[in-house]
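Have the model open as you read.

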Amino acid sequence: MPAFDGVRVLELGQIYNGPYCGLLLAQLGADVIKVEPPGGEPLRFRSHEPIESHEFVMLNSNKRSVVLDLKTDAGRQALLNLVETADVLIENYAPGTMERLQLGPARLLEHNRRLIVASGKGYGSTGPYAHMSAMDITVQAMSGSASATGDPDGPPTKAGTTFVDFSGGIHLFGAISAALFQRERTGRGQIVEVSMHDTVYPMLASSLGGLHNHPDRQLPERTGNRHAGMAVAPYNLYETSDGWLAIICISERHWRGVATALGRPELIDDPRFRTAKDRVANIDALDEEVSSCTRTRTRAELVGDLQAAGVPCAPVKTIREVDTDEHLIQRSMIQYVEHPARGRVPVSGCPLRLSDSPVGPLRAAPPLGQSTEEVLEELTGVADAADETGTHPNREEPQHVLHA
C-alpha cells in the first residue's frame, strides 16, 4: 500500500517550496488538498497565458484543488473545518501571514491536537533574519552560496537551479515524516519548521573545508568549476570538440586512469603532478594539459575511455538533452500526463523509492478550484460550500505576499 495512505494534507503551498513538499507526500499516497486563494497561487499563471504554467503542472500532480478566500470569516471557518479532518497542514507564506489571517499554529492546533503544522520559511521564525522576506536568489545571497559560485575574477553568481527552494521543501518533507512517526507514539501533533537558509550551510562543506583545513592558505572566494576547497585536481569542466565534460579525480587510481585514457601516460610521473598535493599546487598547468587533450575529442569518446579506466566523469548535458533523458524516463523520473490545456506534458516523478509502496501513475495538476465543493461536502458536510465561502474561482490577482 502507499506509504502515506490515509494521511490527509492541506497544502497552502506557493511557488516551489511548499508545493514540492506536498508533491512528495501526494506521490507516496497522501490525499493532498491544495488550498488556493481566489485567482490561484502565483505559480499557476506565471506563463502570463490563460493556462497553467509548466512549472505549476510539474509540481502539482495527484492533488485536489480547493479555493478558499482566507481573508473572509467564511473562508477561514471552512479551512478550520478541514483542519479537523487533516493530519498535516503545509504553508510557506511570508513571515506573519498566517497570524494576520488569524490562522496561526496555536489556533490550528486548538481545532486538531493531532495536526502537524508544517511551516517552510526563508530564515525561520527566530533569529535576526526572521522578519526578512525570502526568495531562492535572496537566500542564495545570504547563505554564502552565491559568493561561492562563479569564477575567481568574476561576480558572485546564483546557481542555475532553484536549489534552495527545493532543499527547503525536501527538508520539510523529512520533518513532516518524523513528526508523523512521533505522533504514532505520543498521539499529539506539533509544529515543524524548516528554514531554507538553514539547509544551505551544510552544503558549504567543501568551501568551509578550504577555509578551516588550511587557515593560513589564501583561497579565492569563488573557484569556478574547480573544487570549492581547492583540495582535488583534476576537478573541472573541460571543453571537448562538441561540448563540455566533467572530470573528477579523488584517488591516485583515478589520476592514472585520466592520463592513460587521454593518451598521455607520461603525465603520471611528471614531477608537477606526482601527488595530489603536487597536482593542486600546479592546477593551472594540470588543467591546461587535460584540456589540450579533451578539446580534440568528442564527449562520447572521452566518456567511453574514461569510464573504462574507472574515472568519474560525465558529459555536461544541455537542458534540452535532459528534457528527453532516456535514463530519467526509464526510471520514471520523467513521466507524461495529459493536461486539459497543455496536452501531453512531462512532469516530475518521485525520487523516493520504497520497495513495498511503489508509486502509482500520476494525474495532471488540477484546474483551479476543481474540487472545492466536492472536498468541503465530503469532509465537512457543508452544502453549497463554494457559495457560502465566496470561493468560486476567477482570475483575480493572488491575495497574499509570499516567499518562495
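## How α1 and α7 pack

Helix α1 (residues 17–27) packs against helix α7 (residues 163–186) at an angle of about 45°, and their axes are 8 Å apart. That makes α1 oblique to α7 (angles under 35 degrees count as roughly parallel, over 145 as roughly antiparallel, 65 to 115 as roughly perpendicular and the rest as oblique). The crossing of α1 over α7 is right-handed, meaning that the near helix is turned clockwise from the far one by less than a right angle.

This is a predicted model, where local features need pLDDT of at least 70, side-chain atom pairs count only at pLDDT 80 or more, and totals for chains, interfaces and linings use all residues. Residues are numbered from 1 along each chain as its sequence is written, and side-chain values use heavy atoms, leaving out hydrogens and water.

## Who meets whom

From α1, Asn17, Tyr20, Cys21, Leu24 and Leu25 meet residues of α7 including Phe166, Gly169, Leu172, Phe173 and Ile176 (contact means heavy atoms within 4.5 Å). By class, this contact has 9 nonpolar, 3 polar and 1 charged residues.

## The cores

The largest nonpolar core has 30 residues, of which Phe4, Val9, Leu25, Val88, Ile90, Leu172 and Ile176 touch the most other members. Such a core joins buried residues (under 20% relative accessible area, 1.4 Å probe) through side-chain atoms within 4.5 Å. Its largest share, 6 residues, comes from α1.

Leaving aside residues up to four places away in sequence, Ile176 touches Cys21, Leu25, Val88, Ile90, Ala118 and Val192. Another core, of 24 residues, lies apart, with Leu10, Tyr93, Met98 and Leu103 among them.

Methods. Axes fitted to C-alpha atoms, helices over the stretch in contact; angles between N-to-C directions. Helix = DSSP H or I, 4+ residues; strand = E, 2+ residues; numbered from the N terminus. Nonpolar A, V, L, I, M, F, W, Y, C, P; charged D, E, K, R; others polar. Buried < 20%, exposed > 50% of the residue type's maximum accessible area, 1.4 Å probe, protein only.
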